[in-house]
Amino acid sequence: MTDPTPTGPESPVDGPEADLATEDTGEHLDDLDDREVLHEGELHPDDAPTSREAAKWRRKFRDTDQQLQAAQAEHDTALAAMQAEHGDALTAMQDRVEALQRAHAERLLDKLGLAPKALWAVTELADVLDEAGVPDEGKVEDAAAVARQQLGISRAPAGFRSGASRVAEEPRPNQWRSAFAPPDRE
């Protein structure tokens, strides 16, 4: 029986390529595996025990990588099937949760005297949510301050009454009431 591996100077593991084939650089990995194992249990005479161990780990890595890719493909297929089956309900629930989060953030915004349109013009909903997905009062206040600055919105003066531009005078007495009131007795 003849040895199918070339052993002369044209051998791929002889010469300068021999050092590259045994280094763990990632190059020539497929060629190295073919040269290492001639038949089950037979090793090439030039291979050292370290290269056999390296080849074993490369094969394990390749097998594991293939299993991982197969599992990811299976996961993607199952996810696509679930989204196709329940996609509308899932989208509706996500929209409802987002609407509730926005409503809560807008309630926090009412205390600050800023219209919700101003807040949403400069920030996104995700920017005012905490880790649990609940609008954070501090983040809403910060976003409101940014909205005021970017949009040039000033705060309403304290005590400002709609339609009032002067200091309130002392109330005038009601003359009708005094007309029908009992006479003052002294």
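Q: Why are tryptophan 176 and phenylalanine 180 separated by about one helical turn?
A: Because they are 4 residues apart in helix α6 (residues 175-180); helices here are DSSP runs of H or I with at least four residues, numbered from the N terminus. This is a predicted model, in which local features need pLDDT of at least 70, side-chain atom pairs count only at pLDDT 80 or more, and totals for chains, interfaces and linings use all residues. Residues are numbered from 1 along each chain as its sequence is written, and side-chain values use heavy atoms, without hydrogens and water.

Q: What makes tryptophan 176 and phenylalanine 180 a stacked aromatic pair?
A: Rings of Phe, Tyr and Trp (its six-membered ring) pair if their centres lie within 6.5 Å, and planes under 30 degrees apart count as stacked, over 60 as edge-to-face and the rest as tilted. Here the centres are 6.1 Å apart and the planes 15° apart, so the pair is stacked. The structure holds 1 aromatic pair.

Q: What makes lysine 60 a charge over the ring of tryptophan 57?
A: The rule asks for NZ of Lys or CZ of Arg within 6 Å of the ring centre and within 35 degrees of the ring normal. Lysine 60 lies over the face of tryptophan 57, 4.7 Å from the ring centre. Likewise, the charged end of arginine 102 sits over the ring of tryptophan 120, at 4.5 Å from its centre.

Q: Which residues does valine 140 contact, leaving aside its neighbours within four places in sequence?
A: Ala105, Leu108, Leu109, Leu112, Leu119 and Val128, with contact meaning heavy atoms within 4.5 Å.

Methods
Helices (H or I, at least four residues) and strands (E, at least two) are DSSP runs, numbered from the N terminus.
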